[in-house]
Amino acid sequence: MANKNLGNLLKIYRKNSLLTQQQVADALNINRTTYTYYETGKTEPSIDTLHKLIKIFGITYDDLLPSEKNPKSIKDSFLRAKGDEAIYNLTKEEQQFIISLRAMSPEEREEFLKNLK
């Protein structure tokens, strides 16, 4: 059995970002079922996938994987203010664009921005 707390945090941050499981799965290029397994604690994402999730949700590793030095309850995570990071005022197409941009590696982002100009 994988980490249920991690799954709960993924669900909280996804909902705080006003994203569906399908949107997150699409950004990760995985099946929605695979992502659902992460949230339910049936499986855990790889380190690479965790890195992408952190970028998609606009959070830090400590937010998702609190250490004993920096304990954080799920309630604290739920109450974390998202401020201007919430993308709920955007169209679905704009939301998907931002999700995809956040999921890019630094190299991919640099190349994308270079081509955008």
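The average pLDDT of the chain is 79, with 76% of the residues scoring at least 70. Among the elements, helix α3 (residues 32–40) has the highest mean pLDDT, 95, while helix α6 (residues 74–79) has the lowest, 49. Over residues 81–85 the pLDDT falls below 50, although this stretch still has nine contacts in the model beyond near neighbours in sequence. Where pLDDT is low, the predicted coordinates should not be read in detail.

Turning to the chain overall, 35% of its 117 residues count as buried. The accessible surface comes to about 7,400 Å², and carbon and sulfur atoms account for 53% of that area. Of the contacts between residues at least 6 apart in sequence, 64% join residues at least 24 apart.

The largest nonpolar core has 20 residues, of which L10, V24, Y35, L53, I56, F57 and L64 touch the most other members. At least two residues of this core come from each of α1, α2, α3, α4 and α7 (92–103). Helix α4 provides the largest share, five residues. In soluble globular proteins, nonpolar side chains tend to be buried together.

After α3 comes G41, with a positive phi near 85°.

Charged pairs complete the picture. Two salt bridges are found in a search of the whole structure. In one of them, the side chains of E39 and R14 meet with an N to O distance of 2.5 Å. This pair links distant parts of the chain, as E39 lies in helix α3 and R14 in helix α1, 25 residues apart. Both E39 and R14 are buried. K52 forms a salt bridge with D48, where the closest N and O atoms are 3.7 Å apart. K52 and D48 are separated by about one helical turn because they are four residues apart in helix α4. K52 counts as partly exposed, at 25% relative accessibility, and D48 is also partly exposed, with a relative accessible area of 47%.

How values were computed:
Residues numbered from 1 in each chain as written. Predicted model: local features only at pLDDT ≥ 70, side-chain atom pairs only at ≥ 80, totals over all residues. Heavy atoms only, no water. pLDDT = per-residue confidence, 0-100. Contact = heavy atoms within 4.5 Å. Buried < 20%, exposed > 50% of the residue type's maximum accessible area, 1.4 Å probe, protein only. Areas by Shrake-Rupley, 256 points an atom, 1.4 Å probe, with all protein chains shown as cover. Core = buried A, V, L, I, M, F, W, Y, C linked by side-chain atoms within 4.5 Å. Salt bridge = Lys/Arg side-chain N within 4 Å of Asp/Glu carboxyl O.
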